[in-house]
Amino acid sequence: MKKPTYWRGLEELEQSPEFLEQAKNEFPTDISLDEALSQASDDSLDFSSNRRDFLKVLGFGISAATLAACVEGPVKKAIPYVNKPDDIIPGVANWYASTTSSGVPVLVKTREGRPIKLEGNPDSPITKGGLSAIDQASVLNLYDDDRLKSPMKGENSADWETVDKEIATKLAAIKANGGKVRILSGTVNSPSTQQIIDDFLAGFEDGAHVSYDPVSTSALNKAHEAAFGVKAAPSYHFDQAEVIVGFSCDFLGAWLSPVEFAADYMVNRNPDGKMSRHYQFESLLTNTGAKADLRFPLNPSQEGVAILNLYNKVAAKLGQPTIPSVPAYSVAMNGLDKAAEDLVAAAGKSLVVCGTNNVGSQTVVAAINQMLNNYGTTLDINNPAYYQKGDDEALQSLANELGSVDALIVYGANPAFDSAFGSTFAEKIPGLGLSVSLAYKGDETSALCQYTCPDHHYLESWGDVQQKGNHLSLVQPTIHPIFDTRQAAQTLLKWSGSTETYHSYLKNYWETNYFTQGGDFRTFWNETLRKGIFLPANTSGTASYQLADENLLSAANGMKQGFSENPVDGEFDLVFYEKVSIRDGKTSANNPWLQEMPDPITKAVWDNYLTIPYDYHKKSGLKNNDVVKVTFGGNEVYMPVLVQTGQAKNTLAIAVGYGSTKAGKTARRANGEVLGGQQVAGTNAYPFTTLQNGAVSYSVSGAKVDKTALNYAIGLTQTFNTLYDPNIGERFGADFDRSEHIIQEANYEDYKKSNGHYATFLKEKAEHRKHLVTLWDSHFEDPETSRFIHWKMAIDLNKCTGCGSCIVACQAENNVPVVGKKEILTRREMAWIRLDRYYSGNPDNPDVVFQPMMCQHCDNAPCETVCPVLATVHSHEGINQMAYNRCVGTRYCANNCPYKVRRFNWFNYYNSESKFGDFYTHSELGRLVMNPDVTVRFRGVMEKCSFCVQRLQESKLKAKIAANSTYAKPEDGKVQTACQQSCPTGAIVFGDFNDPNSEVSKLFRDKRSYTVLEDVKTLPSVGYMTLVRNRSDEEVEFKHEERQAARSYLAESDTH
Amino acid sequence: MIYTASRYILIPLYLVSFLFLGTSVLQAQEADLKEGETIFKQRCSSCHRVEGTLIGPQLLGVSAKYASDREWLYNWVRNSPALIQSGDEKAVALYEQYNKQLMSPHPDLEDQQIENILAWVEESVVVTKQPVTPEGGQPVISPSIYYAVLGLVGLLVLISLLLIVITAFLVTAVQSKEQQEEVTIADVWARTKMILGNKFVITAIAAIALMGGTVKFVTDARAIGLHQGYMPEQPIKFSHKLHAGTHQIQCEYCHSGVTKSKNAWIPSVNVCMNCHKYIEQGPQYGKDEIAKVRAAYDNNEPIEWVRIHNLPDHAYFNHAQHVVVGGQQCQTCHGPVEEMEVVYQYTTLGMGWCIECHRETKVKDLGKETDFTVEDMGGLDCMRCHY
């Protein structure tokens, strides 16, 4: 049988028997309901039954039905407000502009006074309306049961008065003795809060503020301090860049401000307009690497030398002095030479970025950009970015002097858990004279502190954020504080002796610092609050390049350490990385939406694990779920293995953000388990990071791997709901490859030709389409005369970065339940939209395509014809409707769906208590996040994407009311589905296909447009746009040869 | 001389101005009337009725009464307390006449808007005098009628049984006479059993019972979850008949969500207090019931009304859609609320009832009926109401 060109997992590529078996069955048959339920601790739902039970249930059922028919329904109350606030219309959402705790400007949707969903602020140049998954999910943290509910003294709850008094007394004593006071925080990007901190500390003889970031970019700031005298990251303008070279920098997924970068990056990725060229050199496969035109796997210990080589090649081409005695290093296709050539050709419109927290690498990268004249165009150091302001060295000095500190106040940070010096903090905090945590949720550090004075969630807070030199935004409360908490800034203000509220402090601060245009401040304030953002004028041309040559040379020397052209077999570089869904774990670890969001690359949920490169899997025979012992620098960790294609040889990786025992019950569920006396998975990786050359390094070398006899199941969703059908070859001939009917891609050089492969392919396709017929003419109205809307969606595979923001947006909008890892392992995930990640080519360095897949709303829907009760039927607007109350749960529809997008409610995931995990849906508080306009589905019914019909209906109604006509249709672009709204790059376009001028109908007529499995003739309402990679024919040829080589390599290893 | 001369000049002037006023009223655009109606409902209807005194005087005829005194009227509407304070005779007299109740000022109303209100008031008399006919409303079947029917059936059964016994007695009596025997109860009983044991009778009774049972079962089963006629007791004896009927307060005045939201909503207490700040006593229940409203307001405790119209959670219904876009009267679904002392559920609110209306009702475009029914516009799609 032919191997698929595009595959979602090695199982599919290697055609493992387990996979073939699974692909045959729509629903898992190996785990029966009885078995699944008898494993659970609670016996009340035990379904193992016999005839007597059946009769009992039958008898009860009949009598219950009879009784139900006689009894009056329950009395329901309707309780209006006493004084209805003017701006609240029950049943209509209110929107407020605010900013997340990570500094992203958002619009908050509130219903009857409770925030239920976030959307990026479209007025902000940072988000342009998009929002990352992690920020989308932050609304759920507001309703977290694990939040601190009152101030704590030790482990006991206390009241504010007592706590304030005791702390004030202690602070006064410290002040009198001239003691040391330290505030340790995460990045504080609120100017007013920073002012409060500074003022507070100024009251002490020896007061200092230290900030750090768990996953630090302090080297980037430091390098720019050395080069420009500005200790901050520059603002990046990917939209100006025609050539981009990245070194282990996941700027589309998890680096600094991915939403902003992704939107900018996609400006120049239009095959019919401007097409930039992107090289990526990286050790782990990232979303950014997946989107790159040419990607080169590279070991972390080789990266420094690769950057130096690039420097020298660029310098040589520009006739500038090169760095001496750099070991030669080359990658496939002479990638570094090509990159240098393209960079020089696009000098001033190119960009080199590096994500490694190494001062040397960052300095040299800054020097390359300076050489190429990129500062001022693609980089802006005059309006720097303040996303991460942490300083690793300052954290180290604090850790060193911690014993002599009299008072430590920890704000927005958890140093005992997520810093390289965790053990020092854990050891010394209990011995301090005064230790206070201002955390909003219990954590490892606050457990050690004498007092915990809980902060508000940001949705309950006032505040301001400065993201960039020329971008500020405001934070405003959208709900009354749920618990007895107090905003940290207010707390510090109080301890400084002020009686002012933080709200009035903030207003005064803004009046003094930002209100420059004259007029009425109230108007300015209200208008800024309404818009949420404030954009001061750009500053220009103050910072100048000042890096001395000897500094560059010394930076370069440090980068050569540990380099060897050919790494030793069996010795690995171990990388600690951020997952796109969990990032540093600070706000995400206890968030079930994020834990259940499959990682964009590995497609695993609820765990961390050890990713190993494909070649090591072949060599060692290690498979997914095998538990190994990883030994490095005196540490040993037991981890399940996940084979990751595309990962550089001799590299291993473990994600940070896991292993917290104090973050809450959801976080604890993702902490692996103890097997054979060893903690497997869920290990906290932060303690393994070390400070090197003034910055925390997130990789160690010399790691070794030993196989154990243990096995640990990772919740890997990559081949769930596979569109692949192993039997289809029998029907369509041995050469038929269904995967080519799912993904279509082209290369740019060929795409532009009028007689290339792509043009020929299009002609053949057009010819083929003529032979497709339909039996259901009634579903197709003439768009010209139709009085109906026909909703359609176009998804541009070129623009999709696989970031997963759509998944969480859909979950928040549509009340999609969280089911827990155990259910995932039985293939019962519930997400309405899944991001299929396809690989193709050489497994050592595959090409990657992300494909968002949701209900395709087929006009010839196979699901509709098989439903025995007409629970799923077609609407006049082209929507494949699902009437939950009609569904009797035959699941025929899911069996008949070629796209595998229907989800069955096996249980009442919303109230089945501990069966599947104690998630937010099981608490009164957590349920407040649900969208009241969407039904919560019951056990036994099928569900799937509805095209966010509640949003469509709302927009239609608005249009009808505005026009006073039933014929009125919403304006194109005004109707957005949740996934579309959230997409940072605008990859999803939605609208009325019957309107010939709508964006979506234009895209459907575009030559790149295609539908998945077109030959099945389902006529989906979701179309996809062909992926185009900016490769020359020659490079395509090289990739093709690599693929052929990989095929024989695969075949070889299959036989052994 | 001057006086008479001026009169001769002024009379035609008056006439002309009256003509202008008259024509301007005639020419008043629909939109102006609409605006007038909106403002009336929003601001005036809590204290004024078109006809009859509420807190303030009736508004019908005000336009004519102050025809020559427009400026004074405008000033009064915009800020009557100031006018009274200034000692204006007419103003003070009015104030005294209506129990010294101050009329709240409306400084933002423009002359034209006040004219619109007055114009609408005059126009509306024609409209409001028409009886409100609920569209598609059905008479309520009250439970007592049902039991009466049941009792009647029972009575008929008893009578027929009695007739059978009498027949049996007569037949037995005739036979006894012929055979010259005594009539015994045993004989009568045996005869009765014989008649009842007749196969035809058994089949007939069984068939009737079965049919009746089936009909009853099907209708009952279809009515599960439907609560037509549901009339719960409310915490406050609020009379819609008094408010909406006698006083003709517009529905939207209290249920103001009906044009904006999916919920028509029960008014918040502060809306009640707009009037009940002044009105302490009602004609029917005296002071007690109104005291409850005031207590709720003073103690900041919401009133827990019992919800009458309950839709299941999986059904989405939007009032604004039906009232604004569809132009439906409240009475279409809620019945003659203005005649209800205690409100009850007038229609079934079942899906069949919704569908029926969607099949028949023509949709509107710019307020005018079109040729298409709701069904033609996709109004029977599942996902119009279920999502």
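Predicted model: local features only at pLDDT ≥ 70, side-chain atom pairs only at ≥ 80, totals over all residues.
Me: Changing topic: how many residues does each chain give to the contact between A and B?
Reply: Chain A gives 39 residues and chain B gives 46 residues.

Me: Which elements of chain B give two or more residues?
Reply: On the side of chain B that touches chain A, they are helix 9 (199-222), helix 12 (269-276), helix 13 (288-299), strand 1 (305-306), helix 14 (319-325) and strand 2 (362-365) of chain B. The largest share of that side, 4 residues, comes from helix 14 of chain B.

Me: What residue classes are on that side of chain B?
Reply: The side of chain B that touches chain A has 21 nonpolar, 15 polar and 10 charged residues.

Me: Which strands are joined by bridges across the two chains?
Reply: Strand 2 (residues 77-78) of chain A is joined to strand 1 of chain B by 2 bridges, and these strands run antiparallel. Within strand 1 of chain B, Val306(B) stands opposite Lys77(A).

Me: Back to helix 12 and helix 13 of chain B: at what angle do they pack?
Reply: They pack at an angle of about 125°, and their axes are 10 Å apart. Helix 12 and helix 13 of chain B are therefore oblique to each other. Their crossing is left-handed.

Me: Which residues meet there?
Reply: From helix 12 of chain B come Val269(B), Asn270(B), Cys272(B), Met273(B) and His276(B), which meet Ile290(B), Val293(B), Arg294(B), Ala296(B) and Tyr297(B) in helix 13 of chain B. The residues of this contact divide into 7 nonpolar, 2 polar and 1 charged.

Me: What about helix 14 and helix 22 of chain A: at what angle do they cross?
Reply: The axes of helix 14 (residues 359-371) and helix 22 (residues 549-559) of chain A cross at roughly 130° and come within 8 Å. That makes helix 14 of chain A oblique to helix 22 of chain A. The crossing of these two helices is left-handed.

Me: And which residues of those two helices meet?
Reply: Val359(A), Gly360(A), Ser361(A), Thr363(A), Val364(A) and Ala367(A) in helix 14 of chain A meet Leu552(A), Ala555(A), Ala556(A), Gly558(A) and Met559(A) in helix 22 of chain A. This contact has 7 nonpolar, 4 polar and no charged residues.

Me: Now sheets. In what order do the strands of the 3-stranded open sheet of chain A come?
Reply: The order is 3-4-5, with antiparallel pairing. Strand 3 (94-99) and strand 5 (114-120) of chain A stand at the edges with a single partner strand each, so one side of each is left without a neighbour in the sheet. On average, neighbouring strands of this sheet are turned by 30° against each other, direction ignored.

Me: Over how many bridges do strand 3 and strand 4 of chain A pair?
Reply: Strand 3 and strand 4 (residues 105-111) of chain A pair over 6 bridges. Trp95(A) stands opposite Lys109(A) in strand 4 of chain A.

Me: What is the order of the open sheet of 7 strands?
Reply: In chain A, its order is 7-6-18-17-16-8-9, with mixed pairing. Strand 7 (156-157) and strand 9 (206-211) of chain A are the edge strands, each pairing on one side only.

Me: Which helix lies across strand 8 and strand 9 of chain A?
Reply: Helix 8 (residues 191-202) of chain A lies across strand 8 (180-185) and strand 9, and runs at about 150° to strand 9 of chain A.

Definitions and conventions
Residues numbered from 1 in each chain as written. Chains lettered and ligands numbered in written order. Contact = placed C-beta atoms within 7 Å. Nonpolar A, V, L, I, M, F, W, Y, C, P; charged D, E, K, R; others polar. Pairing = 2+ DSSP bridges. Axes fitted to C-alpha atoms, helices over the stretch in contact; angles between N-to-C directions. Parallel < 35°, antiparallel > 145°, perpendicular 65-115°, else oblique. Left-handed = near helix turned anticlockwise from the far one by under 90°.
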